[in-house]
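Here's a quick tour of one model, written for someone who likes to know the cut-offs behind the words. Have the viewer open as you read.

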Amino acid sequence: MAPRTAVVDEEVLRARAYLLRVAEPPALHTKMLVDLLGPVAAADAIRRGDVPERVADETSARRGADRVDADLAAAAACGARLVVPEDPDWPQWPFACFGLTDKKELAPPLGLWVRGNGSLADLTDRAVAMVGARAASGYGTHTAAELGAGLAAAGQTVVSGAAIGIDGAAHRGALAGGGPTVAVLACGLDRAYPTSHAGLIDRVARQGLVVSEYPPGAVPARHRFLVRNRLIAALSVGTVVVEAALRSGAQRTASDARELGTVLMAVPGPVTSAASAGCHELIRQGALLVTRAEEITEATGRLGVELAREPERPQRRTDVLDETQARVHDALPPRAARDIAWLAVEAGLEQDTVRSALVELERRGLAEFHEGRWQRSVGGGG
């Protein structure tokens with residue numbers, strides 16, 4: 001899915017690039033000023049310092065840092081581009097969820113730096129976020145990879161944060177499943193963080209997209225990881241928490257997803273595992289318990305169409321018996337054969353009823369006749 005190619009006015013693009021440099025996300029009041037004046041006029045007002053106090057609080061420290069040319073050049077050098085709300089490739093529908101809350105920490109982004117050849121709007125149309133612990137267990141990473149591959153097979157995009165642990169496993173699962181995946185970073189796209197995931201981030205860019213609202217050169221910081229979590233939640237129709245402690249970044253993403261009105265899901269783990277304690281708490285608070293990719297697709301897909309198949313259940317040979325036949329089968333001894341009179345008493349049924357049931361049990365290989373007596377067939381225990 002190639003980016004949608006309508007040309008954005010150069011002045012608008014440059015204004016947005018300036019705003020992303022000077023306003024540390026989430027910049028609610030700057031966003032409101034842009035909505036009021038438009039990006040070009042808002043950027044000019046910020047450069048002059050002629051803005052309301054709350055906007056000044058968000059921009060005054062950096063308003064002189066006009067590095068538009070350098071930022072656009074650095075982005076192009078690493079294969080990235082700037083996608084803005086005026087661009088047809090902007091994820092208008094996913095980001096509509098920001099309108100459901102007035103919390104300043106959940107303000108929508110002013111623009112997004114995007115690396116990769118895919119369409120941001122198309123790839124996030126049926127996307128699912130998957131997040132969890134960095135210090136993930138083997139159970140957690142295996143589960144995340146399996147779910148990622150299953151979602152890719154179902155045609156859904158996996159969105160995560162490229163972190164060590166669950167994030168990385170989710171991306172790898174989606175890539176292995178041949179599907180697209182989107183990584184949302186808390187630093188500039190010219191940096192790979194964590195550095196050990198540089199190769200993975202490159203693969204994500206080739207098969208999906210790498211996204212950030214931070215300009216080139218921006219370094220990762222603790223608060224930026226928490227801020228970017230709202231984007232992971234907003235770019236997806238639902239969020240799955242695979243492993244999470246009671247206090248974790250994944251819990252923050254879950255909180256953002258709930259506030260933004262998207263589907264919140266959690267994978268259960270061992271009750272003795274501290275890494276799954278946060279998931280269990282989310283489930284108790286109403287998050288949907290999921291264990292298979294099909295269940296995630298059912299919760300986030302087309303209503304009444306993408307339904308999860310019932311899991312295959314173990315079948316016993318005796319499952320096909322009616323109540324009478326089952327009672328006679330239960331009465332049959334596995335070793336010493338018994339006559340019909342004895343079986344009738346044991347089953348609490350008339351002898352003619354027992355005879356009829358035995359004929360059917362013998363036909364099914366569940367009963368054997370020996371010299372006028374009956375017993376259960378070898379291997380016919382159910």
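## Two helices side by side: H11 and H12

Helix H11 (residues 222-234) packs against H12 at an angle of about 50 degrees, and their axes are 8 Å apart. Axes here are lines fitted to C-alpha atoms, for helices over the stretch in contact, with angles running from 0 to 180 degrees between N-to-C directions. That makes H11 oblique to H12; angles under 35 degrees count as roughly parallel, over 145 as roughly antiparallel, 65 to 115 as roughly perpendicular, and the rest as oblique. The crossing of the two is right-handed, a label used when the near helix is turned clockwise from the far one by less than a right angle, while anticlockwise counts as left-handed.

On the H11 side, the contact (heavy atoms within 4.5 Å) uses Leu226, Asn229, Arg230, Ile232, Ala233 and Ala234. H12 brings Gly249, Arg252, Thr253, Asp256, Ala257 and Leu260 to it. Sorted by class, the contact of H11 with H12 has six nonpolar, three polar and three charged residues. For that sorting, Ala, Val, Leu, Ile, Met, Phe, Trp, Tyr, Cys and Pro are nonpolar, Asp, Glu, Lys and Arg are charged, and the others, Gly among them, are polar.

## Ground rules

This is a predicted model, so local features need pLDDT of at least 70 and side-chain atom pairs count only at pLDDT 80 or more, while totals for chains, interfaces and linings use all residues. Residues are numbered from 1 along each chain as its sequence is written, and side-chain values use heavy atoms, with hydrogens and water left out.

Helices (H or I, at least four residues) and strands (E, at least two) are DSSP runs, numbered from the N terminus.

## The nine-stranded sheet

What is the order of the strands in the open sheet? It goes S1-S2-S6-S5-S4-S3-S7-S8-S9, with mixed pairing; two strands pair if DSSP finds at least two bridges between them. Strand S1 (80-83) and strand S9 (288-289) stand at the edges with a single partner strand each, so one side of each has no neighbour in the sheet.

Now for some of the pairings. S2 and S6 run antiparallel over three bridges, and Trp113 has Ser212 in S6 as its bridge partner. S5 and S6 pair in the parallel sense, also over three bridges, with Ala183 standing opposite Val210 in S6. Strand S3 (residues 127-131) and strand S7 (residues 238-241) are parallel too, over four bridges, and here Val131 sits opposite Val241 in S7.

Strand S6 (residues 209-212) is covered on both faces: Leu209 and Val211 on one side, and Val210 and Ser212 on the other, are all buried. Buried means under 20% relative accessible area, exposed means over 50%, and partly exposed is in between (1.4 Å probe, protein chains only).

Helix H12 (residues 249-260) lies across S3, S7 and strand S8 (263-266), at about 155 degrees to S7. H1, for its part, lies across S1 and strand S2 (112-115), running at about 100 degrees to S1.

H1 (residues 10-22) also meets helix H5 (residues 68-77): their axes come within 9 Å and cross at roughly 95 degrees. The two are therefore roughly perpendicular to each other. Arg14, Ala17, Tyr18 and Arg21 of H1 make the contact with Val68, Asp69, Asp71 and Leu72 of H5. By class, the contact of H1 with H5 has four nonpolar, no polar and four charged residues.

One runs from Pro25 to Pro26, with omega near -5 degrees, and Pro26 lies in the loop between H1 and helix H2 (28-37). Another runs from Tyr193 to Pro194, with omega near 0 degrees; Pro194 is in the loop between strand S5 (181-184) and helix H10 (198-207).

Then come positive phi values in residues other than glycine. Ala162 has phi near 65 degrees and lies in the loop between strand S4 (157-160) and helix H9 (166-176). Is Ala162 buried or exposed? Ala162 is buried, with a relative accessible area of 1%. Glu371 has phi near 50 degrees and lies in the loop between strand S10 (367-370) and strand S11 (373-376). At 82% relative accessibility, Glu371 counts as exposed.

## A buried threonine

Thr30 is in helix H2 and is buried, with a relative accessible area of 0%. Leaving aside neighbours within four places in sequence, Thr30 contacts Leu19, Ala23, Ile46, Val55, Glu58, Thr59 and Leu110.
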